[in-house]
Each structure stands twice: as structure tokens, then as C-alpha cells.
Amino acid sequence: MTIDVLIVDDDELIRVGLRAIVDAQPDLRVVGEAADGAQVPPLVAKLRPRVVLMDVRMPAIDGIQATRRLLAASADPPRVLVVTTFANDEYVYEALRAGAAGFLLKRARPAEVVQAIRVVAAGDSLLFPAAIRQLVDTYGRRDGDRLRAARLTEREAEVLRLMAAGLSNPEIAARLVVGVETVKTHVGNVLAKLGVRDRTQAVVAAYESGFVIPAG
């Protein structure tokens, strides 16, 4: 199945470069482009992309506002992959809190761009534990009560720690010696108890609370 991609960036050269990378793959296809976040909701409604490559800094409606609007406008929104110049950027942090599935540096190699799109299109999050820890350390809002109030079970807490380490569901299943469906159930319970949309937001909440402190 072809993965449809919408590219959102105010820099035409970046859009051209990303389009060339995406369209070179047999399973990926660029279905549209936008130069401002305000154009995103109507384009998504019309084109139905699976993944949006979202520039985090744009002059009118930035990637944070665009991500919030997009996720609020649909029960089944596309996956948002933030594209940024700097990893340690408050805009990136706020975009992840808003519901972006991960972030990608503009200097990433073409193979990394392609892999990132496939990862988020499959429903996984593109997490870099050390980078997210640094973002939380710099910009995070400490909320130690959130995890306590969630009342996670011991196994759910273990799953959250492995999610924060960047493990996928199959990797967590292998680590815990359980089935992938069992892991999916635990992940769903964690998201519901934390009141978040996806695993990226759950991991950010875990770091903000001090529940998870990754090494490195």
C-alpha cells in the first residue's frame, strides 16, 4: 500500500528536496505541498495523507499550532512528523506535546527520512530518548503528580519505561516474553490512564514527571 505524504514548509527548496526523496520510493507518494500551517487542515481533508512532514517554524501558523488544529479536527488524523533544523528547540518540544509522532532533522540523510515516514505511518513513534530527555530538561513542565494519579499497574509502568527507551511493540513483547497483542493492550491502557493521544505524548509525560530518567 502506498503511503501518501503531505509536505509543509515555507522554504521551497526544502519542499523540493523532500519531494524528490519521497517520490523516489515505490511505496511513498507526495500528494501535496503547503507553505504555511493554515493550509494544512483543508489540504488534509481533501488529500487524506497518511503522514504530514511538518516544518516546526513558519511565519504565520507554525507547526505547533498546525499540529494542534489538525489533531483536533479529525477523529483519524494523519501522523505528523516534525521537520526541524535544531533538535534542542522549544518548538520541537511543544510540537511533541501537541501530538506529533516524532521529529526529524532537516539535515537527515534520505534513507533516514524514508525510514522515519514508514515508522510513523505504521503507527509507531519516532523517539530519540536522549534528545527528548534534553528537551524535557530544558523546556519541560515538571508534573510529578500526573503519573501517580494515573495509577498504572506494575506491568503498565514497565511497558511505559520500555516505550520511553524507544522500543517498538514487537521489541517490548520480546523483552517481556509476551505476545504483541498483549503489549498493544498495555500501551492502550497507559494512553487512556494518562489521557494522551499517542505514545509520544505518553513518553513526554513520563519524562516530565521524573518517572523515566533515561541514561546517556
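UniProt positions are given in the numbering used here, and such annotations may be inferred rather than shown by experiment. All views below are taken from a predicted model.

Figure 1. An unreviewed UniProt entry places the feature "modified residue: 4-aspartylphosphate" at Asp55. Asp55 belongs to strand β3, which spans residues 51-55. Its relative accessibility is 3%, so Asp55 counts as buried. Beyond residues up to four places away in sequence, Asp55 touches Val8, Asp9, Asp10, Gly63, Val83 and Lys106. A polar atom of the Asp55 side chain lies 3.4 Å from the backbone nitrogen of Arg57.

Figure 2. Lys106 and Asp9 meet through their side chains in a salt bridge of 3.2 Å, N to O. Lys106 lies in the loop between β5 (102-105) and α5 (110-121), and Asp9 in the loop between β1 (3-8) and α1 (12-23); the pair therefore ties together parts that are 97 residues apart in sequence. Lys106 is partly exposed, with a relative accessible area of 29%, whereas Asp9 is buried at 1%. Asp55 also forms a salt bridge with Lys106, in which the closest N and O atoms are 3.3 Å apart. Because Asp55 lies in strand β3 and Lys106 in the loop between β5 and α5, this pair ties together parts that are 51 residues apart in sequence.

**Figure 3. Further salt bridges in the model.** The structure holds 14 salt bridges. One of them joins Glu94 to Arg97, with the closest N and O atoms 3.9 Å apart. Glu94 and Arg97 both lie in helix α4 (residues 90-98), 3 residues apart, about one turn of the helix. Glu94 counts as buried at 9% relative accessibility, while Arg97 is partly exposed, with a relative accessible area of 30%. Elsewhere, a network of salt bridges links Arg15, Arg19, Asp23 and Glu33.

Figure 4. Met54 is found in strand β3 and is buried, with a relative accessible area of 0%. Among the residues that Met54 touches, leaving out those up to four places away in sequence, are Val8, Val40, Ala66, Leu81 and Val83. The C-alpha atoms of Met54 and Ala34 are separated by 9.4 Å, the two residues being 20 apart along the chain. Gly32 is found in strand β2 (residues 28-34) and is buried at a relative accessible area of 8%. Apart from neighbours within four places in sequence, Gly32 is in contact with Val5, Leu6, Ile7 and Leu47. Between the C-alpha atoms of Gly32 and Leu47, 15 residues apart along the chain, the separation is 7.5 Å.

**Figure 5. Helix α9 and its packing.** Asn169, Ile172, Ala173 and Leu176 are buried in helix α9 (residues 169-176). Seen down the axis of α9, the buried residues fall within an arc of 100 degrees, so they line one face of the helix. These residues pack against α8 (154-164), α10 (180-194) and α11 (199-209). The face turned away from the buried side of α9 carries the exposed residues Ala174 and Arg175. Just after α9, Val177 takes a positive phi of about 60 degrees.

Definitions and conventions
Residues numbered from 1 in each chain as written. Predicted model: local features only at pLDDT ≥ 70, side-chain atom pairs only at ≥ 80, totals over all residues. Heavy atoms only, no water. Helix = DSSP H or I, 4+ residues; strand = E, 2+ residues; numbered from the N terminus. Buried < 20%, exposed > 50% of the residue type's maximum accessible area, 1.4 Å probe, protein only. Contact = heavy atoms within 4.5 Å. Polar contact = N/O pair within 3.5 Å; in protein donor to acceptor, adjacent residues only side chain to side chain. Arc of directions from axis to C-beta. Salt bridge = Lys/Arg side-chain N within 4 Å of Asp/Glu carboxyl O.
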